[in-house]
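Subject: Structure for you to look at

Hello,

Here is the structure I said I would pass on. Please open it beside this email and follow along.

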Amino acid sequence: MSVVPRLVVAAPSSGHGKNAVSIGLVAAFRKRGLDVAGFKVGPDHADAAYLGVAADGRPGRNLDPRLVGPERVAPLFAHGAAGAKLALVQGTMGLYDSVAGPSEVESTAAVATALRSPVVLVVDVSTMGQSLAALVHGFRSFDELLWLGGVILNRVASPRHEGLLREALDDIGVPVFGSLRPGDLPPMFPARSYGMVPALAGDPEVTRAVRRLGEGIADRLDLDGLLRLARSAPPLAVEPWSPAAPTAVARPDRPVVALAGTARGGYGYAETGELLAAAGAEVVPVDPFRDEALPAGTAALVVGSGLPEAYAEQLSANGPLRAAVAELARAGRPVLAEGAGLLWLARELDGRPMCGVLDATGTTHEGMVLGYREATAATESLVAPRGAVRHGYKQHRAVLTPRAGERPAWSWPGGPPEGYVWSGGYASQLALHWAGAPDVASRLVAAAVAATRRAPVPTSPGPAGPVAVAQARGGRTPEVPA
């Protein structure tokens with residue numbers, strides 16, 4: 001059972017300022033000395049990472065009913081909020097919106113209902129008057145299970161404008177927890193294309209931006225009132241999710257699994273590292289931008305879907321690590337890459353040399369591929385047995401040619417097969433949340449243990465292990481960067 005005070009911050013639609021308000025609130029409450037747990041509804045890695053910066057070290061987490069199953073949302077929340085004095089959930093899109101599935105299951109409102117949490121609605125009122133009361137009343141009454149606890153007014157024009165809006169909301173009995181003027185929430189973060197990298201790299205500009213945002217929020221919003229509302233949430237009768245599987249095997253010889261990221265977290269969901277550790281691995285971070293070698297004794301490599309494709313030049317510049325990754329793959333050690341990690345394993349991306357594990361090239365296009373997929377495993381792999389169905393997410397501009405190897409990873413209706421599977425390896429632009437398929441970690445660790453019992457990694461390329469994908473496509477050895 002979870003008794004953590006909690007709030008869900010939502011909006012009528014995207015663009016109202018809920019992301020900045022959410023991050024600022026976490027920073028403001030953290031400055032007050034509260035241990036705050038931040039969550040993001042949906043698959044977005046960057047927002048979760050910035051919530052982690054605002055929380056001063058406690059990782060931001062994602063709550064995505066499509067990726068993990070609606071039944072796991074509350075248990076994952078209870079796990080991530082354990083020991084916190086306040087939990088804040090940043091919504092996605094509009095309060096009742098869902099990208100593809102039913103809004104009563106996959107929207108921010110559905111998550112708030114599952115968590116029995118009050119909702120605070122952030123509204124851009126720059127072009128609104130008394131009609132605000134009708135809008136808020138509609139959001140409050142649309143779902144009788146939803147608990148709309150109050151409103152934050154954003155982009156208020158003047159004291160007179162604010163007074164008019166407060167009077168309108170007072171008539172319908174909706175509290176106002178503060179107002180923000182234009183410029184109170186200036187854009188202070190790097191472009192979204194940079195993803196998690198600035199947050200996980202400990203960029204001092206990001207830290208300062210989060211601090212300033214928290215200070216602005218503290219000056220303008222009623223933190224005491226928001227905290228009282230959060231503390232009014234009833235106990236959440238749910239057993240916290242645990243990364244430890246009931247059939248977990250104790251491993252005295254814990255294989256080293258290198259997880260792409262930094263000491264602040266991996267490029268992916270926070271639960272990935274927890275699942276790997278629970279499955280028996282010693283999880284050691286490897287920074288694709290700064291580390292020139294894999295951790296000592298690496299038995300497997302995992303590259304999560306949060307590694308953004310905007311850093312092709314920086315990834316290419318780290319030739320020593322690219323060569324080490326290629327050598328690991330040649331030796332038949334497990335290599336698992338999701339999202340842009342697939343592009344890092346390719347021969348090149350936009351003409352820049354990459355790891356050369358896959359006999360394929362990546363090219364960045366203008367259009368964005370975006371959305372959920374219900375995918376069927378086309379080949380037995382580290383991720384799933386053949387025929388298994390998984391829910392994943394795709395978000396990329398770069399496209400790989402060929403799109404799939406002779407042993408593709410996935411198929412789904414309306415598109416050709418996608419991804420690469422080879423002996424010991426898996427790569428796909430489809431991103432999974434491992435809490436929705438926890439057997440991925442145990443499969444990876446078991447493969448790492450088996451690889452550790454074989455011959456050590458060779459010091460020079462051998463004929464038997466380049467990458468099965470390239471061999472199957474004509475016997476050519478993939479390029480190995482010097």
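In what order do the 7 strands of the open sheet lie? The order is 3-2-4-1-5-6-7, and the pairing is parallel. Before going further, note that this is a predicted model: local features need pLDDT of at least 70, side-chain atom pairs count only at pLDDT 80 or more, and totals for chains, interfaces and linings use all residues. Residues are numbered from 1 along each chain as its sequence is written, and side-chain values use heavy atoms, with hydrogens and water left out.

Some terms for the sheet. Helices (H or I, at least four residues) and strands (E, at least two) are DSSP runs, numbered from the N terminus. Two strands pair if DSSP finds at least two bridges between them.

Strand 3 (61-63) and strand 7 (176-180) are the edge strands, each pairing on one side only. On average, neighbouring strands of the sheet are turned by 25° against each other, direction ignored. Strand 5 (residues 119-124) and strand 6 (residues 148-154) run parallel and are joined by 6 bridges. Valine 122 has isoleucine 152 in strand 6 as its bridge partner.

Helix 1 (residues 18-31) lies across several strands, among them strand 1 (6-10), strand 2 (36-41) and strand 4 (86-90). Helix 1 runs at about 165° to strand 4. For such angles, axes are lines fitted to C-alpha atoms, for helices over the stretch in contact, and angles run from 0 to 180 degrees between N-to-C directions. Contact means heavy atoms within 4.5 Å.

Helices 7 and 8

The expected span of a helix is 1.5 Å times one less than its number of residues. Helix 7 (131-142) has 12 residues and should span 16 Å; its end C-alpha atoms are 17 Å apart, which agrees. Buried means under 20% relative accessible area, exposed over 50%, and partly exposed in between (1.4 Å probe, protein chains only). Leu132, Ala133, Val136 and Phe139 of helix 7 are buried. These buried residues fall within an arc of 130° seen down the axis of helix 7, so they line one face. The arc is that of the directions from the helix axis to the C-beta atoms. Ser131, Ala134 and Phe142, on the other side of helix 7, are exposed. The cover over the buried residues of helix 7 includes strand 5, strand 6 and helix 8.

Helix 8 (residues 159-171) has 13 residues and should span 18 Å; its end C-alpha atoms lie 19 Å apart, which agrees. Its buried residues are His161, Glu162, Leu165, Ala168 and Leu169. They too fall within an arc of 130° down the axis of helix 8, so they line one face. Pro159, Arg160, Glu167, Asp170 and Asp171 are exposed on the other side of helix 8. Helix 7, strand 6 and strand 7 are included in what covers the buried residues of helix 8. Glycine 173 follows helix 8 and has a positive phi, near 75°.

Leucine 223 is in helix 11 (residues 223-231) and counts as buried at 5% relative accessibility.

Regards
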